[in-house]
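User: Hi! I'm new to protein structures and would like to learn how to read one. Could you take me through some features step by step?

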Amino acid sequence: MSLSCEINKEEFNAGDTISLKVGLSIEDEKKGEEIAGGFLKLIIKGEEFASVYTTDHAVQGHFDRIAHPLFTVDTNLDEFDDGGMEKGFYEYHFEHVLAESLPSSFYVRNVKGYCEIRYLVLIILKKPRGSGKDQVFELPFDVRAMPQVPLIGQETNLLQPVISTDFVL
């Protein structure tokens with residue numbers, strides 16, 4: 001039994017539509033019976049993480065960590081009744097429009113910590129208790145933020161450029 005996932009592209013602009021094609025391949029009837037009572041789940045998520053090494057005089061150095069979800073889409077693609085699934089290949093299609101306000105993907109690391117914004121598709125084949133380990137398929141993707149350009153006539157807090165002839169290098 002195996003999972004697969006195809007995505008329409010690897011890098012998206014905020015506001016784009018993600019199109020996914022999820023595949024579940026069952027090679028024999030015995031494997032199809034293992035998932036009886038289980039389900040196939042799709043999760044699309046964006047998260048930001050930070051970890052910073054800090055020290056002070058009273059406490060030995062330690063890492064402070066924080067994680068914050070940007071968004072999560074969590075849906076069941078299929079539920080398997082007590083009869084299980086027949087041998088074959090099953091395909092599921094899903095689309096999701098990314099919010100226009102999403103920040104860009106990035107990862108920065110140094111000796112004192114890291115900061116990251118990441119986006120990920122998870123496909124989970126959840127098996128009932130006692131039927132073996134759940135299968136998980138991960139597919140990362142990148143997002144590029146939309147530029148925040150003020151509309152014509154819109155008030156902004158941006159400073160106007162100053163032309164000076166007094167500046168000397």
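Analyst: Happy to! A disulfide is a pair of cysteine sulfur atoms within 2.5 Å. Keep in mind that this is a predicted model.

User: How many disulfides does the structure hold?

Analyst: The structure holds 0 disulfides. C5 has a relative accessible area of 10%, so C5 is buried. C115 reaches 31% relative accessibility and therefore counts as partly exposed.

User: Next, strands. Which strands pair with β3, and in which sense?

Analyst: Here is the general idea: in a regular strand the side chains alternate between the two faces of the sheet. Now the case here. Strand β1 (residues 2–7) pairs with strand β3 (residues 17–26) in the antiparallel sense, over 6 bridges. In that pairing, I7 stands opposite L20 in β3. β3 also pairs in the antiparallel sense with strand β6 (residues 88–97), over 10 bridges. There, K21 stands opposite H93 in β6.

User: How should I read a salt bridge?

Analyst: Look for a side-chain nitrogen of Lys or Arg within 4 Å of a carboxyl oxygen of Asp or Glu. This structure holds 7 salt bridges. One of them joins the side chains of D74 and K41, at 2.8 Å from N to O. Because D74 lies in strand β5 (residues 62–79) and K41 in strand β4, the pair ties together parts that are 33 residues apart in sequence.

User: Is K41 buried or exposed?

Analyst: K41 counts as buried because its relative accessibility is 18%. Strand β4, where K41 lies, covers residues 39–54.

User: What else does K41 touch?

Analyst: Leaving aside residues up to four places away in sequence, K41 touches D74, T75, N76, L77, L122, I123 and I124.

User: Which residues are linked in a network of salt bridges?

Analyst: K45, E47 and R118 are linked that way. E47 is buried at 17%, while R118 is partly exposed at 35%.

User: And what about D134?

Analyst: The side chains of D134 and K126 meet in a salt bridge, 3.0 Å from N to O. D134 counts as partly exposed at 25% relative accessibility, and K126 counts as partly exposed at 34%.

User: Last topic: how many aromatic pairs are there?

Analyst: A search of the whole structure finds 4 aromatic pairs. Among them is the tilted pair of Y119 and F141, with 5.8 Å centre to centre and 35 degrees between the planes. Since Y119 lies in strand β8 (residues 113–126) and F141 in strand β9 (residues 135–144), the pair ties together parts that are 22 residues apart in sequence.

How values were computed. Residues numbered from 1 in each chain as written. Predicted model: local features only at pLDDT ≥ 70, side-chain atom pairs only at ≥ 80, totals over all residues. Heavy atoms only, no water. Helix = DSSP H or I, 4+ residues; strand = E, 2+ residues; numbered from the N terminus. Buried < 20%, exposed > 50% of the residue type's maximum accessible area, 1.4 Å probe, protein only. Contact = heavy atoms within 4.5 Å. Pairing = 2+ DSSP bridges. Phe/Tyr/Trp six-rings, centres within 6.5 Å; stacked < 30°, edge-to-face > 60°.
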